[in-house]
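Here is a walk through one protein chain.

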Amino acid sequence: MTDSPLGSFADSGATAAHYAAKLAVETDASDVWAARQAGVEFHLVDVRGQAAYDQGHAVGALHIPRQELAARVAELGVGIPVVVYCWSPGCNGGAKAALELARLGVPVKEMLGGFEYWAREGYPVEDVNGPLHREIDPLTNVV
């Protein structure tokens, strides 16, 4: 099927290995929410700057700006998994933070979609003044 606009397909073993590796380092808002609801121990870390965090963030997220991660890594505790997020799918701050934490020996995943999809999917958000109500976006979650 190499003459297709889709191009060739990898063999199933290579495809499975690719997606297993991807899922080992990435998660999404719905899985993070499910883990919270199940009582899984992990840190959800917002790595954006102060102004962004103040404007809105996932309820319960720990705020450690990406530029401060190395200096504040001890706040995360040894062996406790970390999920990091930034603004949105268009932001690579979460990936940069995950890379830095991994280099520091911290078990880490990046939350795909960042704060944007956390909020759009209807999970709890707050700003510096307290809880915010956000309508669920029907393009991202069941309403």
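**Rings across the chain**

Trp33, Trp118 and Tyr123 are joined into a cluster by ring pairs. Rings of Phe, Tyr and Trp (its six-membered ring) pair if their centres lie within 6.5 Å; planes under 30 degrees apart are stacked, over 60 edge-to-face, the rest tilted. This is a predicted model: local features need pLDDT of at least 70, side-chain atom pairs count only at pLDDT 80 or more, and totals for chains, interfaces and linings use all residues. Residues are numbered from 1 along each chain as its sequence is written, and side-chain values use heavy atoms, with hydrogens and water left out.

The count comes to 4 aromatic pairs. One of them is Trp33 with Trp118, edge-to-face, 6.1 Å centre to centre and 70° between the planes. This pair links distant parts of the chain: Trp33 is in helix α2 (residues 29-37), Trp118 in helix α6 (residues 114-120), 85 residues apart. Helices (H or I, at least four residues) and strands (E, at least two) are DSSP runs, numbered from the N terminus. Trp33 is partly exposed, at 25% relative accessible area. Trp118 is buried, at 0%. Buried means under 20%, exposed over 50%, partly exposed in between (1.4 Å probe, protein chains only).

Tyr85 and Phe115 are stacked, 6.5 Å centre to centre with 25° between the planes. Tyr85 lies in strand β5 (residues 82-85) and Phe115 in helix α6, 30 residues apart. Both are buried.

Now the whole chain. It has 6 helices and 8 strands. Of its 143 residues, 36% count as buried.
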